[in-house]
Amino acid sequence: MNKERLYFIDIVRAFAILMMLQGHFVDTLLASTFRNLDSQTYSLWSFFRGVTAPTFFTISGLIFTFLLLKAKEKGIENSRMKKGIRRGLYLIGVGYFLRLNLLNLFSSRSNASFLAVDVLHCIGLSLIITVLLYFLCRKNVLTFSFLTLSIGILIFVLEPLYRALSIEGIPVFIHNYISRNNGTVFRIIPWYGYSSIGAFIATLFYWNVHKKYFKISAVSLFVFFGLLLILGSSEILLQLSNITDVNVFKDAANYNYLFSKLGYVLLCFALFYGLEKFLKYPLLLTIGKSTLAIYIIHFILLYGSFIGIGFKNIGKVLSPIQVGIGAVLFLLLIVFLSLHYTRATAPLKQYAQQAYALLKNKR
C-alpha cells in the first residue's frame with residue numbers, strides 16, 4: 001500500500017455523499033407536520049444535514065489541491081491544472097444539464113430553475129478558482145497556502161456584508177452565483193470558503209504526510225481547532241470587534257454558522273483519519289470515488305431531471321418511519337445503480353481515452 005495515499009479522503013467523501021442521499025430524500029418526502037426542531041430526532045437529523053455540504057466542499061478542495069501539489073512534485077502540474085479547469089467546466093455543465101426540463105423545452109415554456117446554481121456549479125467554479133490561485137502562486141507553495149487560508153477566513157468573516165447581496169443590471173446566470181433571489185441553493189460565496197480552507201489543509205498534508213508521527217499530530221490538530229471553532233470562534237470574533245471597533249466581526253459572531261460548521265468538519269476529518277485503517281473497505285472507497293455518478297443518478301430519480309417526474313412527485317406526505325425506510329432503500333438503490341454504471345462505462349471511457357490519444361499522436 002502507498003503510505004502517502006490519503007484513503008480517509010475517499011472515506012469522508014463516501015460519508016458525505018451517503019449523508020446527502022438520505023438528507024435530500026427525507027427533506028423531499030417527510031410530511032410537514034413532523035418537521036419540528038423541538039423533536040430531538042429531527043433536530044439531530046437537521047444538524048447532520050447542515051454539516052454535509054461544508055464537509056463535501058472542504059474535502060473537494062483538499063483532494064484536488066493535494067493531487068495538484070503531487071503533480072508539481074512529478075513535474076506535470078501544467079497537465080493537472082488543465083485537467084482541473086476542464087473538470088470544473090464539466091461539473092458546471094453537468095449542473096445545468098441536470099436542470100433541463102425537456103417538456104418545457106419542447107413546449108417553449110420557461111424553466112426558471114435551469115439557471116439556478118447548485119452544488120455542482122459551485123464545486124466546479126471552486127476548482128477553477130483554486131487553479132487560478134495556484135497558477136499565480138505556483139513558484140511558492142507557502143504563498144498559495146497563506147492565500148487560501150486568508151481567503152477562506154475573509155469569506156467567512158465578511159459573510160454579513162454579502163448575506164443579502166443583489167446586484168442589478170448583470171445577467172441572471174451570473175447573478176445566481178452570488179445571490180439566492182432566483183432559486184439558487186449554493187452561492188460561490190460563502191461556499192468557496194470551505195474549498196479554499198480545504199486547499200490550505202492540502203498544503204499541510206503535502207509538506208508533512210510522509211513524516212512519522214504526522215497522523216497523530218493531524219488528528220490532534222483537527223480535534224483542537226475543531227473544538228476551538230465550535231466553542232470559541234464566536235467569542236474570538238466578539239473580542240476582535242471590541243478591539244478593532246469593526247462591526248462586521250460582531251455581526252459574524254451573532255450569526256456564526258460558517259466557522260462552527262467548519263469546526264464540525266474538522267472533527268469529522270479527525271474521526272475518519274484516525275480510524276482510517278479500520279475503514280478501508282473496498283466498497284466504501286469505491287463509493288467515495290463514485291460521488292459524481294451517485295449525485296447525477298440521485299438527482300435524476302429524486303428531482304425528475306429532463307421530464308419532471310421523480311420521487312418528489314409523491315409530495316411531503318411520509319411519516320418518519322416511512323421516510324426512514326424509504327431513505328435506506330433509496331440509498332441502496334442509488335449506490336447499486338452508480339456502481340454498476342461506473343463498471344459498465346469503464347470500458348467505454350478506456351476506449352475513448354485510447355482513441356483520443358491516437359488522434360493526438362497523429363497530429
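1. Four helices, α6 (141–157), α9 (188–208), α10 (214–244) and α12 (258–274), each contribute at least two residues to the lining of the second largest pocket. Helices here are DSSP runs (H or I, at least four residues), numbered from the N terminus. The largest contribution comes from α10, with 12 residues.

2. The model is predicted: local features need pLDDT of at least 70 and side-chain atom pairs count only at pLDDT 80 or more, while totals for chains, interfaces and linings use all residues. Residues are numbered from 1 along each chain as its sequence is written, and side-chain values use heavy atoms, with hydrogens and water left out.

3. The second largest pocket has a volume of about 660 Å³. Its lining comprises 26 residues, of which Leu 149, Phe 200, Phe 225, Leu 229 and Leu 266 are the closest to its centre. A pocket is an open set of points on a 1 Å grid over the protein atoms alone, where a 1.4 Å probe fits, with protein on both sides within 12 Å along at least five of seven lines; lining residues have an atom within 4 Å of a point. The volume is the space filled by probe spheres set on the points.

4. By class, the lining of this pocket has 22 nonpolar, 3 polar and 1 charged residues. Ala, Val, Leu, Ile, Met, Phe, Trp, Tyr, Cys and Pro count as nonpolar, Asp, Glu, Lys and Arg as charged, and the others, Gly among them, as polar.

5. In the packing of α9 against α5 (residues 119–137), Cys 122, Leu 125, Ser 126, Ile 129, Thr 130 and Leu 133 of α5 meet Ile 188, Tyr 192, Ser 195 and Ala 199 of α9, contact being heavy atoms within 4.5 Å. The residues of this contact are 7 nonpolar, 3 polar and no charged.
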